Amino acid sequence: MVVTVEGRVFQDESAVADRVLYGANVVGPVESVSSIDPTTKEIVILGQTVFVNVITKYKPNGFDFDSIALNDVVEVSGYLDDNGSIRATYLEKIGDITTILDYEVTGFVENLNTFQKTFTINGITVDYFAIEKSLPEGIPAEALFVEVEGRLGGGGKLFAGKIELGDGL
């Protein structure tokens, strides 16, 4: 699990945390699972490539490296590598596609089309038409780091119900 700690360091080098922030990189259904080697798998969630391994922390009990399956809905936290893939440190199964319908993705806005009210994040198309009038000025913008919550629709589009600035985790 990746967190950001905000706090203060004192002259005696002691410190206090004022705030601890957690944000998932992606929450959604597992679209594919491929074994890279005996200790590493590549999974795809909402078009995002995620690498998991035997030291990734898994939740709940009984869910682990060997039990990841298609259509599991999972929450992923990890670090982005140079290719934009997520190196998962934490993976939690929160349901399946019949029980969880709201998903989340974070990343940089690409291919912004203000006429069609769409953009992409690492290849997944986000449609923000329904919430355009409620968005703060300047969101979305090309290359802006955002967090999008929404539901999947036809053609694999994520129909946004909420877009906000990402916290950069």
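This is a predicted model: local features need pLDDT of at least 70, side-chain atom pairs count only at pLDDT 80 or more; totals for chains, interfaces and linings use all residues.
Reader: Why is the pair of Y58 and F63 called edge-to-face?

Author: Good place to start! The ring centres of Y58 and F63 are 6.2 Å apart, and a pair needs centres within 6.5 Å.

Reader: Are Y58 and F63 buried or exposed, and how do you know?

Author: Buried means under 20% relative accessible area. Y58 has 11%, so Y58 is buried. F63 has 8%, so F63 is buried too.

Reader: What makes you say that R87 has its charged end over the ring of F51?

Author: The distance is one part of the test: the charged end of R87 is 4.1 Å from the ring centre of F51, and the limit is 6 Å. K41 lies over the face of F65 as well, 4.7 Å from the ring centre.

Reader: Why do strands β10 and β11 count as paired?

Author: Pairing takes at least two bridges, and two bridges join β10 (residues 110-113) to β11 (residues 118-121), so they pair. The two strands run antiparallel, and N113 stands opposite T118. Four residues lie between the strands of this hairpin, where K117 takes a positive phi near 60 degrees.

Reader: What makes T118 buried?

Author: Its relative accessible area is 10%, and the cut-off is under 20%, so the label holds. Leaving aside neighbours within four places in sequence, T118 is in contact with several residues, including L112, V126, Y128 and K157.

Conventions: Residues are numbered from 1 along each chain as its sequence is written. Side-chain values use heavy atoms; hydrogens and water are left out. Rings of Phe, Tyr and Trp (its six-membered ring) pair if their centres lie within 6.5 Å; planes under 30 degrees apart count as stacked, over 60 as edge-to-face and the rest as tilted. Buried means under 20% relative accessible area, exposed over 50%, partly exposed in between (1.4 Å probe, protein chains only). A charge sits over a ring if NZ of Lys or CZ of Arg is within 6 Å of the ring centre and within 35 degrees of the ring normal. Contact means heavy atoms within 4.5 Å.
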